[in-house]
Amino acid sequence: LQNAVKTYQVTHGYKPTGEVTAVLIKDMNITALARVQQLLINIQRMRWMPTNITGRLILVNIPEFELYVDSAKTILFQMDVVVGAEGHNTTMFSGNLNQVVFSPYWNVPPSIVKKEVLPCIKRNKNYLKEKDMEITGQEGGLPVVRQLPGPKNALGKVKFLFPNSFDIYLHDTP
């Protein structure tokens with residue numbers, strides 16, 4: 001039974017531990033019709049991916065939470081990554097890396113300013129200073145907030161930019 005569980009885990013992208021967990025049971029109970037629908041959705045997603053890749057490639061396997069750096073179909077580097085949670089899903093796209101920014105500023109999105117930063121400022125007048133943040137202006141009735149480069153910066157030490165309409169980029173973490 002343990003070998004059968006490991007085989008299932010390997011074919012479905014899990015680490016082959018042989019342990020039966022609640023999540024594994026839930027995934028094992030997906031109907032054949034639901035699996036076919038998943039296949040059709042993923043076939044459609046594959047149409048978005050580039051077909052003739054040359055040179056080096058940075059690939060983020062979103063469901064696997066892994067980043068691969070590949071050259072001539074050889075994996076040069078692999079690492080765990082954090083992707084958007086359900087409800088804030090990471091969009092699939094392809095693009096060319098055009099900038100590497102060391103010691104980046106983090107321009108805090110207006111939704112985070114409204115939901116998180118402003119309530120924290122109301123509770124603690126030193127919040128911005130403690131988080132190495134500053135207000136750089138006003139826009140749409142909200143302060144424009146950015147976090148300074150440094151050890152507290154949410155983007156870490158390096159940011160990798162790919163031109164895309166989704167404002168998606170890769171970054172380190174503190």
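This is a predicted model: local features need pLDDT of at least 70, side-chain atom pairs count only at pLDDT 80 or more; totals for chains, interfaces and linings use all residues.
A strand is a DSSP run of type E with at least two residues, and strands are numbered from the N terminus.

Gln-147 has a relative accessible area of 4%. Because buried means a value under 20%, Gln-147 counts as buried. Its surroundings can also be described by listing contacts, leaving aside the neighbours within four places in sequence. On that basis, Gln-147 is in contact with Tyr-105 and Trp-106, with Lys-131, Asp-132 and Met-133, and with Lys-152, Asn-153 and Ala-154.

The relative accessible area of Arg-47 is 60%. Since exposed means a value over 50%, Arg-47 is classed as exposed. The side chain of Arg-47 also makes a polar contact, at 2.8 Å, with the side chain of Gln-44.

Three strands form an open sheet in the order E4-E8-E9, and their pairing is antiparallel. Strand E4 (99-102) and strand E9 (169-171) are the edge strands, as each of them pairs on one side only. From one strand to the next, the twist averages 20°. Within this sheet, strand E8, made up of residues 158-161, pairs with E9 in the antiparallel sense over 3 bridges. A bridge joins Phe-160 to its partner in E9, Leu-170.

Definitions and conventions: Residues are numbered from 1 along each chain as its sequence is written. Side-chain values use heavy atoms; hydrogens and water are left out. Buried means under 20% relative accessible area, exposed over 50%, partly exposed in between (1.4 Å probe, protein chains only). A polar contact is a pair of N or O atoms within 3.5 Å; within protein, one must be able to donate a hydrogen and the other to accept it, and residues adjacent in sequence count only if both atoms are side-chain atoms. Two strands pair if DSSP finds at least two bridges between them. Helices (H or I, at least four residues) and strands (E, at least two) are DSSP runs, numbered from the N terminus. Axes are lines fitted to C-alpha atoms, for helices over the stretch in contact, and angles run from 0 to 180 degrees between N-to-C directions. Contact means heavy atoms within 4.5 Å.
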